[in-house]
Amino acid sequence: MEVMDLIPQRFPLQLLDRIMTVQPGVSATAEKLVTINEWFFQSPTLTGRTMIRPALLEILAQTGVVALLSMPEHHGNNVFFGGIRQADFKADVRPGDRLEAMVTLTKLRRQIGTGHGVITCAGHEVVSADLTFVIQA
C-alpha cells in the first residue's frame, strides 16, 4: 500500500515514507527516514539538530490513521487527531535516523478510536503514547 493512498496529508505534513504492515482496524507499522532537509530542521532559532517532539507524535497519529482508513467502512473518511492521553519521550531523533512507528488500536466505538503507539530507532524506544482518533464520515 502507498502512503498517499491511505492518508490525506501531503508534503510537507506527510511524515510517513513507507507503510510496512497493516492489519485494518487492528494495527499499522510505518517507516520514516529522517533527513537534514526536513522542514522542522530549517528554523535558524533551533539549537542542535533534533527532531521536534510534536513531529514524532504526528508520525504516530498518521500511522494510526493508516490502521483506521484501511478499514473498508472508513476508507475515504476523515480522521482527526483527538488527543494524547500520555506521551513518554525517551530519546532524541537526529538526521540519518530510521524510525519505525507502530500503532495498535485498543478501542474503536462508532466514530471514536484509541490506540497505543511506539516509535523505535535502531531497536531502541524513542517515544510511546496513547492516542485518541475521531472519524468523520
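**Core and sheet**

Reader: Let's start with I59. What is I59 in contact with, leaving aside its neighbours within four places in sequence?
Author: Keep in mind that this is a predicted model. In it, I59 is in contact with L15, L16, K32, M51, L99, A101 and I119.

Reader: And the largest nonpolar core, how many residues has it?
Author: That core has 36 residues. I59 is among those with the most contacts inside it, along with M51, L56, L60, L99 and I119.

Reader: Which elements give two or more residues to this core?
Author: Helix 2 (53–69) does, and so do strand 2 (27–33), strand 4 (98–109), strand 5 (112–121) and strand 6 (124–136). Helix 2 gives the most, with ten residues.

Reader: OK, where does helix 2 lie?
Author: Across strands 1, 2, 3, 4, 5 and 6. Against strand 4, helix 2 runs at about 55 degrees.

Reader: Switching to the sheet, what order do the strands have?
Author: The order is 1-2-4-5-6-3, in an open sheet of six strands with antiparallel pairing. Strand 1 (18–23) and strand 3 (78–89) are the edge strands, each pairing on one side only.

Reader: How many degrees are neighbouring strands turned against each other?
Author: On average 20 degrees, with direction ignored.

Reader: Last one: how many bridges join strand 3 to strand 6?
Author: Ten, and the two strands run antiparallel.

Definitions and conventions: Residues numbered from 1 in each chain as written. Predicted model: local features only at pLDDT ≥ 70, side-chain atom pairs only at ≥ 80, totals over all residues. Heavy atoms only, no water. Core = buried A, V, L, I, M, F, W, Y, C linked by side-chain atoms within 4.5 Å. Buried < 20%, exposed > 50% of the residue type's maximum accessible area, 1.4 Å probe, protein only. Helix = DSSP H or I, 4+ residues; strand = E, 2+ residues; numbered from the N terminus. Contact = heavy atoms within 4.5 Å. Pairing = 2+ DSSP bridges. Axes fitted to C-alpha atoms, helices over the stretch in contact; angles between N-to-C directions.
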